[in-house]
Amino acid sequence: MREGMKVAAKLGFYGWGERTVDILKAELDQVIERALDIPVDPGGWWHQYVCTRHHTELVFDPLEADGRTFLCPYGCEWEGEPYRGAWLVFKHQAMARYVLQAAAVYAATGERAYAELGKRLIIRYAEQFPLYPVHPEAQPWMLKGRAFHQALTEAIWATTLLRGYLLLRDEGVLLDGADQQKMDSFLQMLESSMTEYHHILTQERGDPENNYTAWLIAALFCIYAVRGESDKLKHLLEKKGGLRHHLTIAVRPDQLEFEGSIYYHVFVLRAYLIAAEMGDRMGEGLYSLRGEQGQSMQGMLTVLVRLADQNGKLPALHDGPYRRVPYAREIAEIVEIGLSVYGDQGYRGLLTHVYREMNGDNGRIGMLEALLYGTGRWDGRIGTAAPGVKDVHDGRRGEGRGVQGVWEAFEAPEASKASRALEEPDEPEAFEASEVPETSEAPETEETSEVSEASEGRGVATMDPTAGAVPSLVFPDSGFARLRTNDTSGIQALVDFGPHGGAHGHFDKLNLMLHVGHHPLSPDRGTVPYGSVLKKEWYPHTASHNTVTVGGRSQLPSQGKYMAYQAASDWSYIWVRADQAYDQGVLDRHLLLTEDWLLDWFEVELEEPQAIDWWFHYIGSGKVSGGADAVRDPGTTNFGSLDGYAYIKEHRRLLMSKDSPQLDLHIARASGPLAAVSFVPFEGTVCSQVESPGIADDPTRRMEGIRLHRTGSSARFIAVYRRGDKPVTLTWKPSGDGESLNLSDGTTTRNFGMTKSGLKERILDENLV
């Protein structure tokens with residue numbers, strides 16, 4: 001373990017060290033007092049540890065000796081299978097964690113009781129493992145384990161157990177002859193199964209990029225490190241399906257794991273870092289390992305900083321939980337290792353958030369991940385809570401080179417004049433590039449994709465040469481764009497246009513996710529545990545995201561692209577397209593962000609008339625104003641039962657006429673107004689106020705939303721988001737020298753039109769005073 005032999009020194013050097021050890025000792029004292037033993041029954045599949053009524057994860061107490069009744073946070077009680085098997089997964093993992101914790105406490109204090117606890121639990125597992133059957137209850141698609149349904153879960157559990165064993169051995173805790181024989185037999189069985197499953201996955205199934213593979217490699221590396229088998233480790237490092245190959249094929253050149261899920265990105269990165277730790281023990285410098293297109297563990301950490309919000313919270317893109325303590329621990333582990341190995345203080349924002357999520361205002365104090373991997377006197381806290389930040393969706397903002405500092409290190413060279421100028425002779429001469437520069441149609445050029453070696457990625461951050469640092473950027477390979485300005489209190493946007501994401505992808509092309517300052521306004525909801533019916537019936541579907549559905553059905557698994565992108569310190573513009581999401585259909589979304597508002601212009605073109613729905617779901621309480629002359633549609637909408645529509649409930653409906661005034665949505669939270677959203681009331685558009693299952697950590701906290709509905713072969717939806725409670729004024733000009741939009745914010749009026757090269761601004765002669 002990289003920091004294992006230095007654990008004791010942390011008590012004297014770091015103020016958080018001694019208090020952390022005291023807290024971890026107190027937890028282990030309860031384990032010793034209760035004489036907790038390992039379960040003799042194998043575990044099942046943790047995703048089934050979920051309430052089927054509320055779709056929330058059930059409560060787990062690691063000190064419970066033998067769980068038989070399982071509670072949901074709302075008081076439901078469940079018994080029997082599959083809950084018992086899922087509980088056993090948590091219990092086995094908790095016992096392995098106690099081994100690692102006992103080893104860390106012994107390394108810090110030298111108190112023999114903790115060494116004996118860790119040693120006892122290791123031997124108990126070595127004795128019991130051969131008695132677990134190859135799991136008969138595993139689902140057909142799983143690689144079957146012994147101690148768990150899945151070999152994947154077994155690999156994760158084994159890495160924790162063996163890291164504890166290695167740390168104890170580092171501190172001179174050795175096994176006697178009989179116990180060593182048990183350990184050797186356990187390792188032999190474990191190596192045999194991990195090797196077999198690695199072959200099946202990478203050779204027989206032809207799926208070497210699978211996230212399973214990373215964990216099978218990590219488990220085998222741990223076994224090799226325990227045995228001192230450097231030749232085997234080197235072979236698995238370089239072979240097809242080995243560590244270097246997996247880094248090359250499972251991580252895109254812009255440093256995101258190929259499934260487009262932050263959860264699985266962290267999941268795979270954690271396996272890599274464990275493998276690197278084992279390599280370090282064997283004299284292999286694997287922390288600097290690179291894939292064939294520059295992929296690296298450091299780059300994978302840095303990309304998390306770039307995608308985090310201002311509180312240091314990571315988005316729940318594609319499959320993945322929104323908030324779980326075990327997930328927070330995984331983030332804490334990889335970031336503590338990252339700080340120790342790479343020394344990048346930009347990681348602190350991430351660490352601050354997960355420690356606040358798990359540990360309140362105590363930062364590193366009491367955290368096992370800090371004791372094992374943390375270095376430095378920093379106590380795990382940055383700054384103070386942002387005003388009004390109180391609920392689970394919020395956190396703290398970094399300072400110094402924290403969350404914001406990374407943008408300064410991620411600037412691409414200035415685009416050439418040739419790439420920025422685009423002649424469009426077919427468009428009216430009155431349209432000239434103003435705040436929205438004319439941009440190259442090519443999504444990627446040699447110039448825009450080039451970044452410095454220090455950036456560790458392929459994000460694109462073009463900029464106006466007269467502006468300061470550019471906070472916006474595009475991930476061209478993974479298909480995400482982050483739009484920000486230097487005004488940290490304003491609107492920030494994240495849009496998803498990239499690859500589907502395979503088994504863990506969502507049908508969400510052109511999904512728009514928004515923050516206002518430190519507050520999430522319309523984040524991705526994440527995904528519930530897979531044992532919930534909502535995993536397949538609601539969360540992956542298009543209607544649960546902020547994008548467009550056609551024909552009442554979800555999009556096809558598909559990949560979009562960006563057509564144009566430009567940014568400066570105080571504005572950014574992107575045009576993204578999905579032309580594979582529906583047969584014979586093209587979806588285009590144009591986003592223009594300024595320091596005061598975000599213009600969202602969505603165009604749909606189809607070969608045949610169909611129902612078209614535009615969705616916007618948000619956190620908070622919304623009130624519609626304006627539209628006084630709109631006709632209240634007395635009908636009752638039947639949203640249907642397919643692709644998530646059955647989970648959407650309508651509260652109010654307005655049918656727009658040609659005389660309808662602008663419609664505004666005012667969104668507030670308990671702390672006050674958050675945002676105002678203004679809509680152009682195109683004739684024939686039906687506006688519905690809806691609600692649906694909410695953020696995945698608690699679907700019962702339902703989200704409100706807006707559905708704009710039209711039927712036809714084309715549709716246009718225009719919305720403008722603004723912080724606070726004062727909406728902008730929108731006026732649509734349908735005739736004359738071309739359709740265009742007047743947008744007045746109370747100080748200036750700007751006019752925009754759509755051209756073949758994207759959104760353009762008309763120069764007006766007058767501004768409001």
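**Salt bridges and cores: exercises**

At 33% relative accessibility, D37 is partly exposed (buried means under 20% relative accessible area, exposed over 50%, partly exposed in between; 1.4 Å probe, protein chains only). This is a predicted model, where local features need pLDDT of at least 70, side-chain atom pairs count only at pLDDT 80 or more, and totals for chains, interfaces and linings use all residues. Residues are numbered from 1 along each chain as its sequence is written, and side-chain values use heavy atoms, without hydrogens and water.

**Exercise 1.** Determine which side chain meets D37 in a salt bridge.

Solution. A salt bridge is a side-chain nitrogen of Lys or Arg within 4 Å of a carboxyl oxygen of Asp or Glu. The partner of D37 is R124, at 3.1 Å from N to O. D37 lies in the loop between α2 and β1, R124 in helix α4, 87 residues apart.

**Exercise 2.** State whether R722 and D596, a salt-bridged pair, are each buried or partly exposed.

Solution. The closest N and O atoms of the pair are 2.9 Å apart. R722, with a relative accessible area of 9%, is buried. D596 has 23% and is therefore partly exposed.

**Exercise 3.** Find the residues with the most contacts inside the largest nonpolar core.

Solution. Such a core joins buried Ala, Val, Leu, Ile, Met, Phe, Trp, Tyr and Cys residues through side-chain atoms within 4.5 Å. The largest has 155 residues, and F186, F221 and Y272 have the most contacts inside it. A second, separate core of 51 residues includes Y565 and F616.

Methods:
Helices (H or I, at least four residues) and strands (E, at least two) are DSSP runs, numbered from the N terminus.
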